[in-house]
Amino acid sequence: MPSTPAAAAGDDAPAPFTADDYRARMDRAAASAADAGLAGILVAPGPDLVYLTGYQPTAITERLTLLVLAPGQDPVLVVPTLEAPDAEKAVGAPALTLRDWTDGKDPYAVTAPLLDADGRFGISDNAWAMHLLGLQQAVPSTSYASLTEALPMLRAVKDAHELSRIAAAGAAADRAYGEILKVRFEGRRETEVAADLARLLLEFGHSQVDFTVVGSGPNGANPHHEAGERVIERGDMVVLDFGGLKHGYGSDTTRTVHVGPPTDEERRVHDVVREAQQAGFEAVKLGIACQDVDRAARKVITDAGYGEYFIHRTGHGIGVTTHEPPYMIEGEEKPVVPGMCFSVEPGVYLPGRFGVRIEDIVTMTEDGTGHRFNGTPHEMAVVE
């Protein structure tokens with residue numbers, strides 16, 4: 001892993017992943033399954049399949065597509081015959097065997113011989129119920145667990161190539177924030193500012209915009225407020241939370257700005273959240289439990305008298321999706337290790353009045369300290 005991940009955050013396209021990269025991921029996943037006492041894992045179309053093979057079907061339909069990974073067994077991707085040509089083009093295809101099935105045939109008859117008849121398998125959270133039920137009928141003695149429950153850290157630790165992509169995504173989101181400060185807020189609808197943010201993310205290299213939260217005034221007290229038709233007024237606090245995918249990896253950052261000069265109370269609440277975010281970041285040390293990041297940030301807000309208004313976890317993982325394990329929340333005892341990437345985003349939400357949130361994406365470096373992938377100022381920006 002690079003000692004300064006941000007150094008790889010430019011606009012140059014990163015080196016593509018190779019078949020060997022995907023082979024190594026599938027090998028690690030199969031070994032992790034064995035360590036967890038599983039007979040293997042079954043991966044349906046979605047983020048896990050993209051991560052493990054580089055294959056993303058052009059359309060997700062009722063036809064069964066399933067990657068079967070098991071210790072001591074070559075990876076097999078079961079696909080509909082009409083989609084096999086596309087699957088063969090996936091970068092990770094040379095690292096696995098394709099088994100296709102034609103319409104009118106039973107896809108579970110193709111899949112069943114690949115499974116330990118008495119095994120317990122982790123299966124993608126987003127697998128269709130009809131597919132899981134079909135497997136259970138074909139191999140009645142098997143049992144299944146959600147992949148997030150069985151192997152929550154499957155995608156949690158990023159290699160150097162992944163880190164460079166997250167760094168690039170974070171740098172692009174920072175550039176978008178720098179530009180959004182130049183637009184007019186007062187007198188415009190939240191949806192208009194959200195559209196500006198989406199345009200800027202795409203302009204700075206994102207291929208996908210996942211969310212553009214613009215919560216003005218009382219709407220900012222809803223952490224996941226969807227930008228609406230409210231007209232932003234002078235005197236509003238405005239929460240800006242936005243992100244998406246660049247080079248296949250996520251960005252997610254939040255800053256809270258103010259339209260015109262803030263009141264003393266608004267500035268005080270913002271300062272509390274800023275101090276809490278810093279405390280959460282400083283808590284990121286090698287081997288600490290994820291919950292300790294939450295505890296550090298939450299203590300600052302609680303001590304300031306706003307504890308009941310901090311109503312969500314302090315952070316979540318990020319990678320090929322913008323929300324994934326690990327989670328920075330009380331009760332999560334998994335240790336922070338090098339290559340983990342996650343948000344640190346405390347907030348205070350005063351119902352009917354305003355909200356404040358500040359968020360950076362952070363990674364644990366090999367030297368045992370945290371590194372931010374976002375570098376825009378935390379101080380409250382005043383906009384017009």
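Two rings of Phe, Tyr or Trp form a pair if their centres lie within 6.5 Å. In this predicted model, three such aromatic pairs are present.

Begin by selecting F17, Y22 and Y249, whose rings are linked by pairing into a cluster.

For another charge placed over a ring, select R372 together with F281. The charged end of R372 sits over the ring of F281, at 3.9 Å from its centre.

Next, display helix α9 (residues 264-282) and helix α10 (residues 290-303), whose axes come within 8 Å and cross at roughly 155°. Angles over 145 degrees count as roughly antiparallel, and α9 and α10 are therefore roughly antiparallel to each other. The crossing of α9 past α10 is right-handed. To see the contact, show the side chains of V272, E275, A276 and A279 and the residue G280 on α9, then V293, A296, A297, V300 and I301 on α10. By class, this contact comprises eight nonpolar residues, one polar and one charged.

Two backbone features complete the tour. Most residues other than glycine have a negative phi, and most peptide bonds are trans. Select H247, in the loop between β8 (237-246) and β9 (249-250); the phi of H247 is positive, near 55°, although the residue is not glycine. Finally, move to P325 and P326, which are joined by a cis peptide bond with omega of about 5°. P326 is located in strand β12 (residues 324-328).

Key:
Residues are numbered from 1 along each chain as its sequence is written. This is a predicted model: local features need pLDDT of at least 70, side-chain atom pairs count only at pLDDT 80 or more; totals for chains, interfaces and linings use all residues. Side-chain values use heavy atoms; hydrogens and water are left out. Rings of Phe, Tyr and Trp (its six-membered ring) pair if their centres lie within 6.5 Å; planes under 30 degrees apart count as stacked, over 60 as edge-to-face and the rest as tilted. A charge sits over a ring if NZ of Lys or CZ of Arg is within 6 Å of the ring centre and within 35 degrees of the ring normal. Axes are lines fitted to C-alpha atoms, for helices over the stretch in contact, and angles run from 0 to 180 degrees between N-to-C directions. Helices (H or I, at least four residues) and strands (E, at least two) are DSSP runs, numbered from the N terminus. Angles under 35 degrees count as roughly parallel, over 145 as roughly antiparallel, 65 to 115 as roughly perpendicular and the rest as oblique. A crossing is left-handed if the near helix is turned anticlockwise from the far one by less than a right angle, and right-handed if clockwise. Contact means heavy atoms within 4.5 Å. Ala, Val, Leu, Ile, Met, Phe, Trp, Tyr, Cys and Pro count as nonpolar, Asp, Glu, Lys and Arg as charged, and the others, Gly among them, as polar.
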